[in-house]
Amino acid sequence: MARILLIEDSPTEAAVMAQLLERNGHQVSTSGSAEDGIASCKRDMPDLVLMDVVLPGMNGFQATRALSRDADTSHIPVLIVSTKSLDTDRVWGLRQGARDYIVKPPREQDLIARINALIGH
C-alpha cells in the first residue's frame, strides 16, 4: 500500500481516481489545486503524486517542476495523469521532473502497474 497524493481539480475525476486507487489498496489524499498540492506534499510526504496538468492557477507542469527541484520533495515520484495526449506534452512533463506520464482516462491495470513500478512494488 502506498500513500498517494492526487492533485486534480475535477471533483468527479478525483472521486473516480480515488476509488480506483483505494480499491487497489492505496491510501489517497486529494488536492484541488497545484498550490494546495505542493503544500500537502511538503507536509504529508506521500509515496507518490498523481498530477493533473490543467489546473486553476499554477498548472501541473509548473507544480511538477517545483516538487522535483525542491530538496524536500525531489525524491517523491510524480506521475502525470492528463488529457493532454501529444508527444510534446509527455516529453515536456518528463523534462519538468515527472517520472511517468499517462493519458486520461487511464486503464486501471496500466495505472496500477505504473504506480507499482514507481513505488518499487
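Let me start with Asp-52, which lies in the loop between strand E3 (48-51) and H3. Helices (H or I, at least four residues) and strands (E, at least two) are DSSP runs here, numbered from the N terminus. Before going on, a word on the source: this is a predicted model, where local features need pLDDT of at least 70 and side-chain atom pairs count only at pLDDT 80 or more, while totals for chains, interfaces and linings use all residues. Residues are numbered from 1 along each chain as its sequence is written, and side-chain values use heavy atoms, with hydrogens and water left out.

Back to Asp-52: is this residue buried or exposed? Asp-52 counts as buried because its relative accessibility is 5%. The cut-offs are under 20% relative accessible area for buried and over 50% for exposed, with partly exposed in between, using a 1.4 Å probe and protein chains only.

Which side chain does Asp-52 meet in a polar contact? That of Lys-104, at 3.3 Å. A polar contact is a pair of N or O atoms within 3.5 Å; within protein, one must be able to donate a hydrogen and the other to accept it, and residues adjacent in sequence count only if both atoms are side-chain atoms. Leaving out residues up to four places away in sequence, Asp-52 also touches others, including Ile-7, Glu-8, Asp-9, Gly-60, Val-81 and Ser-82. Contact here means heavy atoms within 4.5 Å.

My second residue is Ile-76, in the loop between helix H3 (60-69) and strand E4 (78-82). Ile-76 is also at 5% relative accessibility, so this residue counts as buried. Beyond its neighbours within four places in sequence, Ile-76 contacts Cys-41, Met-45, Pro-46, Asp-47, Leu-48, Val-49 and Arg-99. Its C-alpha atom is 9.1 Å from that of Ile-119, a residue 43 places away along the chain.

Now the whole protein. There are five helices and five strands, and along the sequence they follow the pattern β-α-β-α-β-α-β-α-β-α. Of the contacts between residues at least 6 apart in sequence, 63% join residues at least 24 apart. Buried residues account for 45% of the 121.

On overall dimensions, the C-alpha trace spans about 30 × 30 × 30 Å along its principal axes.
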